[in-house]
Amino acid sequence: MIVVERIADLRDRCETARRAGGTVGLVPTMGYFHEGHRSLMRAARGSHDLVVTTIFVNPLQFGANEDLAGYPRDLAADTAAAEAEGVDVLFVPSVAEMYPEPTVTTVHVADLTGGLCGAARPTHFDGVTTVVAKLFSIVGPCAAYFGRKDYQQLVVVQRMAVDLNFPVEVIGCPLVREPGGLALSSRNAYLSTEERERAAGIFTSLRAAAAAVGGGERDPTNIRALVETEGARHGLDFEYVEVRRAADLAPIGSLDGEIVVAVAVPIGTARLIDNVTMQIVGAEVSVDFGVITQESTS
Ligand code: AMP
């Protein structure tokens with residue numbers, strides 16, 4: 001594996017691989033790898049000749065009072081993990097490399113970014129789409145792997161790639177959970193033991209939603225109320241609970257087709273997000289919680 005810090009170097013390596021007839025798989029991240037990140041690297045490794053993983057804690061996607069300065073970082077451990085997953089190129093640009101000048105050009109995806117996380121983080125998705133557009137532009141034709149953990153981000157990036165004709169196939173990968181059901185996140189590092197126990201209530205609340213839908217509940221308002229009540233039983237005060245159409249996050253009057261129940265919740269200094277998707281056809285409901293791993297983040 002080669003660690004690359006320069007944009008021109010990364011661009012060259014991707015072009016060389018394609019000229020030799022190879023395909024490129026891209027895994028954009030902010031580092032502090034866990035099994036969720038590693039699952040994306042494995043998916044890319046399984047399908048491509050050159051696997052590129054990027055680590056960049058992107059200042060543009062953090063709000064003024066958010067956790068940019070304290071965001072967990074461990075480049076030595078990340079390098080070892082990426083190497084173990086068979087990554088070919090680990091791209092670790094500095095902020096000056098990515099933003100040599102103050103950014104006056106940004107990418108904004110309308111509508112899809114207004115609700116859910118966009119409501120409390122109004123500048124977040126512009127930061128995400130701007131940096132991802134830069135990475136797509138640098139790497140060139142490739143398949144890019146994103147986790148369903150950040151469900152809204154996946155939908156937003158997919159739409160951006162289509163709207164701007166990037167030669168990039170955006171692939172959504174399963175959400176990876178701890179044995180107890182907590183979605184793996186670099187931000188779980190912020191949780192105390194007590195907070196981690198409370199955080200397990202997020203999965204319990206989503207399971208309650210899935211059970212209700214399985215039992216025939218089709219009213220989004222009732223599902224939201226149920227998740228909020230279940231969360232409160234675990235000491236959780238959700239920032240939002242939303243029940244949306246999965247494809248485009250449109251609000252729905254009744255549950256039908258593919259839907260997502262998405263939540264955000266502050267716990268201590270962390271803000272955690274999670275979701276479950278469900279395919280509803282008449283009385284038939286299939287639920288996708290992602291996968292449970294044996295590995296813990298602690
Ligand atoms: P991050 O480093 O948190 O920006 O995440 C980088 C990529 O890893 C994004 O595509 C995330 O959706 C994905 N990811 C983060 N956590 C998980 C998880 N628990 N399961 C699957 N993918 C994840």
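Trainee: Which atom of leucine 184 lies 2.8 Å from a nitrogen atom of the ligand?
Mentor: A polar contact is a pair of N or O atoms within 3.5 Å. In this predicted model, a backbone N or O atom of leucine 184 is 2.8 Å from a ligand nitrogen. Histidine 37 uses its side chain instead: an N or O atom there is 2.8 Å from an oxygen atom of the ligand. With methionine 30 we are back at the backbone, where an N or O atom lies 2.9 Å from a ligand oxygen.

Trainee: How many residues surround the ligand, and which element gives the most to the shell?
Mentor: There are 18 residues around the ligand, with Asp150 and Val176 among the closest. Helix α2 gives the most, 3 residues. The elements giving two or more are β2 (24-29), α2 (35-47) and β5 (142-147). By type, the shell has 9 nonpolar, 7 polar and 2 charged residues.

Trainee: Now the helices: at what angle do α6 and α7 cross?
Mentor: Picture a line along each helix. The axes of α6 (residues 124-139) and α7 (residues 151-163) come within 10 Å and cross at roughly 50°. Because of that angle, α6 is oblique to α7.

Trainee: Is their crossing left-handed or right-handed?
Mentor: The crossing of α6 and α7 is right-handed.

Technical notes
Residues are numbered from 1 along each chain as its sequence is written. This is a predicted model: local features need pLDDT of at least 70, side-chain atom pairs count only at pLDDT 80 or more; totals for chains, interfaces and linings use all residues. Side-chain values use heavy atoms; hydrogens and water are left out. A residue is near a molecule or strand if one of its heavy atoms lies within 4 Å of it. A polar contact is a pair of N or O atoms within 3.5 Å; within protein, one must be able to donate a hydrogen and the other to accept it, and residues adjacent in sequence count only if both atoms are side-chain atoms. Helices (H or I, at least four residues) and strands (E, at least two) are DSSP runs, numbered from the N terminus. Ala, Val, Leu, Ile, Met, Phe, Trp, Tyr, Cys and Pro count as nonpolar, Asp, Glu, Lys and Arg as charged, and the others, Gly among them, as polar. Axes are lines fitted to C-alpha atoms, for helices over the stretch in contact, and angles run from 0 to 180 degrees between N-to-C directions. Angles under 35 degrees count as roughly parallel, over 145 as roughly antiparallel, 65 to 115 as roughly perpendicular and the rest as oblique. A crossing is left-handed if the near helix is turned anticlockwise from the far one by less than a right angle, and right-handed if clockwise.
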